[in-house]
Amino acid sequence: MNLISLFVASILTQNIILTKFLGICPFMGTSSKEKNALGMGIAVSFVVTLSSIITYLINYYILIPSDSGYLKTIVFILTIASLVQIVEIIIKRYSKTLYKELGIYLPLITTNCAVLGITLLNINNGYSFIEMLVFSVGSSIGFTLVIYLFSTIREYIQTKNVPVSFRGYPIAFITASIMALVFSRYIGG
Amino acid sequence: MKRILNGIIKENPTFVLLLGLCPALAVTTKFETAYMMGICVLVIVTLSNLIISIIKNLVSDTVRIPTYILIIGSLVTVIEILLERYVPKLYSALGIYLPLIVVNCIVLGRALSVASKESVKNSFLDGIGIGLGFSLALMLISFIREVLGTGMISLIDSISGIVGFKLVLRVLPNTSLFPNSIFVSPAGAFLTLGFLIALFNYLKSRKVGEEK
């Protein structure tokens with residue numbers, strides 16, 4: 001696939017939240033405030049890109065040659081968990097302000113299915129190294145974009161009079177549904 | 001019995017706790033894949049609850065979460081290998097959502113909140129209850145989506161029909177409004193789940209009102 005169309009697709013038409021449903025928990029949980037949403041988005045993007053590169057190398061240079069591809073799931077989740085820990089330690093050591101901003105989101109990222117999902121998709125789709133980079137960065141941008149847009153819409157909804165049964169999650173899901181419709185319409189142009 | 005019902009109704013993972021939503025939205029385009037996913041999660045959450053409640057006193061607090069993730073990861077890998085070998089169609093239908101059970105908040109959530117505290121028997125029953133609650137929720141969502149989206153319902157189709165027996169029923173006649181393919185698209189998944197949670201909220205608030 002053409003790299004540019006892969007990039008655009010991973011941001012818009014193949015958006016990981018709205019078409020693959022990855023990372024729904026932070027999407028629903030942290031995105032009721034605009035600022036939190038942006039912080040979460042940036043933290044996830046950082047971890048996704050870094051772990052994509054590392055798991056890709058592990059898969060093709062360690063797991064495949066040693067004929068142990070079936071260990072993929074376990075090895076990937078361990079890599080992501082330790083990576084998140086290392087990133088947390090480094091940020092804490094060198095940038096107190098950044099740690100204050102992103103710190104609380106980092107532990108949550110380990111169990112964010114978007115990270116494990118993207119690293120597995122990189123392998124399952126048989127991407128080359130460059131394609132993998134483009135796809136991971138594109139998906140991260142798509143994640144941040146959607147989670148940010150969604151948070152601004154939700155802040156607006158909170159000021160409106162929604163029927164009691166629909167308050168909170170139900171109206172959020174219906175909003176997400178409309179966003180998914182809009183994003184999927186980019187396919188036809 | 002009370003334990004099991006608790007997982008199905010009062011603490012339904014999908015509609016009440018809102019955990020493990022990725023698979024609930026992704027594999028529910030077809031009734032058949034939905035209940036197959038339900039069974040996989042039922043097996044994994046029951047076994048992980050059982051194992052973790054047995055070893056809970058051997059694991060120190062600092063390494064608790066990594067240990068649990070490893071146990072769950074191993075269980076998922078075993079299921080993956082078995083499915084790939086014996087039911088390859090199901091394996092490819094579930095795709096990445098099968099390995100993603102590792103990071104499914106239901107399994108880890110139950111491990112931390114129930115299995116690491118309660119007795120072996122209670123944890124085991126809780127696993128069965130939560131697994132059943134999850135399966136039923138998935139079946140309900142996929143039933144609505146498949147019927148409204150295609151007009152058909154696939155009780156036994158290509159994946160589970162190992163014996164070559166198929167059971168796909170046409171439930172809804174073709175009209176100008178239905179079947180509507182929006183329900184099998186991602187947007188329909190969000191819409192269906194949104195309305196179902198609203199319905200659950202409504203039923204809950206009515207029950208609370210009656211008790212007063």
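Q: Which helix gives the largest share of the lining of the largest cavity?
A: Rolling a probe the size of a water molecule over the atoms shows where empty space is left. Here, the largest share of that lining, three residues, comes from helix H2 (residues 21–26) of chain B; helices (H or I, at least four residues) and strands (E, at least two) are DSSP runs numbered from the N terminus. This is a predicted model, in which local features need pLDDT of at least 70 and side-chain atom pairs count only at pLDDT 80 or more, while totals for chains, interfaces and linings use all residues. Residues are numbered from 1 along each chain as its sequence is written, chains are lettered from A and ligands numbered from 1 in the order in which they are written, and side-chain values use heavy atoms, leaving out hydrogens and water.

Q: What volume does the largest cavity have, and what classes of residue line it?
A: On a 1 Å grid over the protein atoms alone, a cavity is a set of points where a 1.4 Å probe fits but cannot get out, a pocket is an open set with protein on both sides within 12 Å along at least five of seven lines, and lining residues have an atom within 4 Å of a point. One cavity of 30 Å³ or more is counted. The largest has a volume of about 60 Å³ (the space filled by probe spheres set on the points, which are joined across faces, edges and corners). Its lining includes Cys113(A), Leu21(B), Tyr97(B) and Asn104(B). By class, nine lining residues are nonpolar, two polar and none charged (Ala, Val, Leu, Ile, Met, Phe, Trp, Tyr, Cys and Pro are nonpolar, Asp, Glu, Lys and Arg charged, the others, Gly among them, polar).

Q: Which residues lie closest to the centre of the largest pocket?
A: The largest pocket has a volume of about 670 Å³. Of its 24 lining residues, Pro107(A), Leu108(A), Thr110(A), Thr111(A) and Leu108(B) are the closest to the centre. H4(A) supplies the largest share of the lining, five residues. By class, 16 nonpolar, seven polar and one charged residues make up this lining.

Q: Which residues of the largest nonpolar core touch the most other members?
A: In soluble globular proteins, nonpolar side chains tend to be buried together. A nonpolar core is a set of buried Ala, Val, Leu, Ile, Met, Phe, Trp, Tyr and Cys residues joined through side-chain atoms within 4.5 Å. The largest one has 102 residues, and Ile24(A), Phe27(A), Ile109(A), Leu116(A), Phe173(A), Ile101(B) and Phe190(B) touch the most other members. Helix H3 (residues 31–55) of chain B gives the largest share of this core, ten residues. Neighbours within four places in sequence aside, Phe173(A) is in contact (heavy atoms within 4.5 Å) with residues including Met28(A), Leu18(B), Phe190(B) and Ile197(B).

Q: How many salt bridges does the structure hold over all chains?
A: Side chains of opposite charge can pair when their charged atoms come close. The count over all chains is one, with a side-chain nitrogen of Lys or Arg within 4 Å of a carboxyl oxygen of Asp or Glu as the criterion. Asp126(B) pairs with Arg110(B), their closest N and O atoms being 2.9 Å apart. Asp126(B) lies in helix H7 (residues 120–150) and Arg110(B) in helix H6 (residues 105–115) of chain B, so the pair ties together parts 16 residues apart in sequence.

Q: Is Asp126(B) buried or exposed?
A: Asp126(B) is buried, at a relative accessible area of 0% (buried is under 20%, exposed over 50%, partly exposed in between, with a 1.4 Å probe and protein chains only). Arg110(B) is also buried, at 7%.
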